[in-house]
Amino acid sequence: QKDVDAHARSEDIDQLTVALCMQNLVKITEQWIKSQQYRTWNLRCLKLHTLKPVPSDIEISRAQTPKAIDVLAKEIGLLTNEIEAYGQTKAKVRLSLLERLKDQPDGKYVLVAGITPTPLGEGKSTVTIGLVQALTAHLKLNSFACLRQPSQGPTFGVKGGAAGGGYAQVIPMEEFNLHLTGDIHAITAANNLLAAAIDARILHENTQSDKALYNRLVPLVQGKRAFSNIQLARLKRLGITKTDPNALTEDEITRFVRLDIDPATITWQRVVDTNDRFLRKITIGQANTEKGFSRQAQFDIAVASEIMAVLALTNSLSDMKERMGRIVVANSKQGQPVTAEDLGITGALAVLMKDAIKPTLMQTLEGTPVFVHAGPFANIAHGSSSVLADKIALKLVGKEGFVVTEAGFGADIGMEKFFNIKCRASGLVPNVVVLVATVRALKMHGGGPSVTAGAPLKKEYTEENLKLVSDGCSNLQKQIEIAQQFGVPVVVALNIFRTDTPAEIDLVCEIAKKSGASDAVPCNHWSEGGKGSIELAQAVRKAADQPNSFRYLYDLELPITEKIRIIAQKIYGAKDIELSPGAQSQVDRYSQQGFGNLPICMAKTHLSLSHMPDWKGVPTGFVLPISDVRASIGAGFIYPLVGTMSTMPGLPTRPCFYDIDLDTETEQVQGLF
């Protein structure tokens, strides 16, 4: 009986243990599920202490102590395992967050664009930052700014820093402008590895027999040959189904080993993130070891690399890898496209870019979150920050929050590309367009004297002149009309300068509202921070609730030439287009190669609606000349060139680097503005 009772007690204990384990498992599961859900923000904003006169950007940045990046991450609902800190003030955010918050509704999506600018720029970045500071620090709404990473070339050349300005900045500004988390360096490494692979392949094919090439491409390892995965994929594209390297016929071996690249058709250039005019045309392959196989080539600025455009448009790591594999670097002598995948380099490119794909988290002067990610060249590419940064931010802000991003140059270039290229890639629909204008730029469009970077402004720009402002508003009206073609509400943000008069400000806002803008408001974020953009934030919030009938400008199925014509006529106001014989030949080739259904990314001057930088206001009746047509197949667009387009800036007589220095005692950077 004692044994029976003991056995019964043992069974009871076992059952109790199982029950406790189950209870703990349920509790752990509930805690895990709760941890995976959307977390309400608990953001502590930073107080601004504004001064008059407004100090330099670097002085303002240094005067504010940023929050530790892990603290900011926790405040906006990021999990500990979703961030990778790079020092105290910036961190990479992992893409796994998108899976965790996949059922979370997106917030409101706001695009900041601008009128046709002066060479000085009209402050889209400062408006973007001022707006999110106003939304979050003052209206207590969740918001995220998504900005492009600036190239270091212009930072040391003519532009200086690009972190915003005055009391609407991303901090620390020196970290924003210099290196950041190394994304541009990763792009440079990947781009130049691909460039090296092209020339090395040409050399090896020119100096070896088919048999020698095959023995090196598929070597014997411990007595066995085996194709790599990327080689098996190439065989499949060639229609060869064999997987045994010893089973290929001589003809199949020839087709496999010979890319037969035509050097005259190579479009892939090496890049460096420095303004270096003497690399615009170079000769490579002059060493004796290259056996006389030299050719003319060039360097581009790193942000002009197609890999940067791929990074900005990709939706996932697998998508980025596929896009890089599709990059067309040249044609074969038979006229067929040669891709990165054909060169067997796709996996290596993905390895170099695996960290760059993660957006970088930073903060504004008022402690609100910012994503800095990607910075494609705004003339030959689409000039917007990344799709992934926008998608992650839209999940984090919650249904009632706002994500504010910007498009490069004026609305005729940056906004048009944002809608027709980026929105197609992301599937996202914007709720509001904020159109940035300045009295200075409107006076220029109204017939004011030319504006030159580095030269003092003429008196027309520093004294009241209502006629110039009124006449120049034609450009503002045209840009409002362009935004309305896409069916999105428009709010005009007038970026205020100290020389603007109340009468000039009132006139611009009145004309903008009469021209179809939902609202038009003056903004003083540069001198007041978010407080100076509260009215803009309220206008944006109101406009975001308006009906939205977003639509693309053209159907992708249309012929390449027709898509170019639609952009030229409906956006720029051209009478027609004229393709050079070379441009028409490229259009025919891309159509024949199966690339005709890609969107168009126009490469033209940003200083005019037309192709002539000096034609201000709203030019009409002109024929838009297309000098060449090129393709970024991996990124996914065709880019026609309107005139010549430099992809490597040069240094001026007095570059910014004269003023940049390092305090060796404090290790602080000096001279960035």
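Start with Cys 473. Its sulfur sits 9.4 Å from the closest cysteine sulfur, the one in Cys 509, and that is too far for a bond. A disulfide here is a pair of cysteine sulfur atoms within 2.5 Å. Cys 473 is also buried, at 0% relative accessibility. Buried means under 20% relative accessible area, exposed means over 50%, and partly exposed lies in between, with a 1.4 Å probe and protein chains only.

What about Cys 45? The closest cysteine sulfur is in Cys 146, 17 Å away, again too far for a bond. Cys 45 is partly exposed, with a relative accessible area of 24%. The count for the structure is 0 disulfides.

A word on the model. It is predicted, so local features need pLDDT of at least 70 and side-chain atom pairs count only at pLDDT 80 or more, while totals for chains, interfaces and linings use all residues. Residues are numbered from 1 along each chain as its sequence is written, and side-chain values use heavy atoms, with hydrogens and water left out.

Next, strand β14, residues 369-372. Helices (H or I, at least four residues) and strands (E, at least two) are DSSP runs, numbered from the N terminus. Which way do the side chains of β14 point? Pro 369 and Phe 371 go one way, Val 370 and Val 372 the other. All are buried.

β14 has a partner in β4, residues 143-147. Two strands pair if DSSP finds at least two bridges between them. β4 and β14 run parallel, with 3 bridges. Ala 145 is bridged to Val 370. β14 also pairs with β13, residues 360-364, this time antiparallel, over 4 bridges. There, Thr 360 is bridged to Val 372. β13 and β14 make a hairpin with 4 residues between them. Look at Gly 367 in that turn: its phi is positive, about 80 degrees.

On to helix α15, residues 387-396. How many of its 10 residues are buried? The count is 9. Among them are Val 387, Leu 388, Ile 392 and Leu 396. Asp 390 and Lys 395 are on the buried list too. Just after the helix, Gly 398 takes a positive phi of about 85 degrees.

Now the empty space. Rolling a probe the size of a water molecule over the atoms shows where empty space is left. The definitions work on a 1 Å grid over the protein atoms alone: a cavity is a set of points where a 1.4 Å probe fits but cannot get out, a pocket is an open set with protein on both sides within 12 Å along at least five of seven lines, and lining residues have an atom within 4 Å of a point. Grid points are joined across faces, edges and corners, and a volume is the space filled by probe spheres set on the points.

Take the second largest pocket. Its volume is about 820 Å³. The lining has 39 residues, and Ile 266, Thr 267, Gln 269, Arg 630 and Tyr 639 lie nearest the centre. Elements giving two or more residues include β10 (299-301), α12 (306-313), β11 (328-331) and β22 (637-641). Which element gives the largest share? β21 does, with 4 residues. By class, the lining has 18 nonpolar, 15 polar and 6 charged residues. Ala, Val, Leu, Ile, Met, Phe, Trp, Tyr, Cys and Pro count as nonpolar, Asp, Glu, Lys and Arg as charged, and the others, Gly among them, as polar.

Val 329 is in β11. Val 329 is buried, at 0%.

Then the cavities. There are 2 of 30 Å³ or more.

Last stop, Ser 610. It lies in the loop between α23 and β20 (623-626). Buried or exposed? Ser 610 is buried, at 0% relative accessibility.
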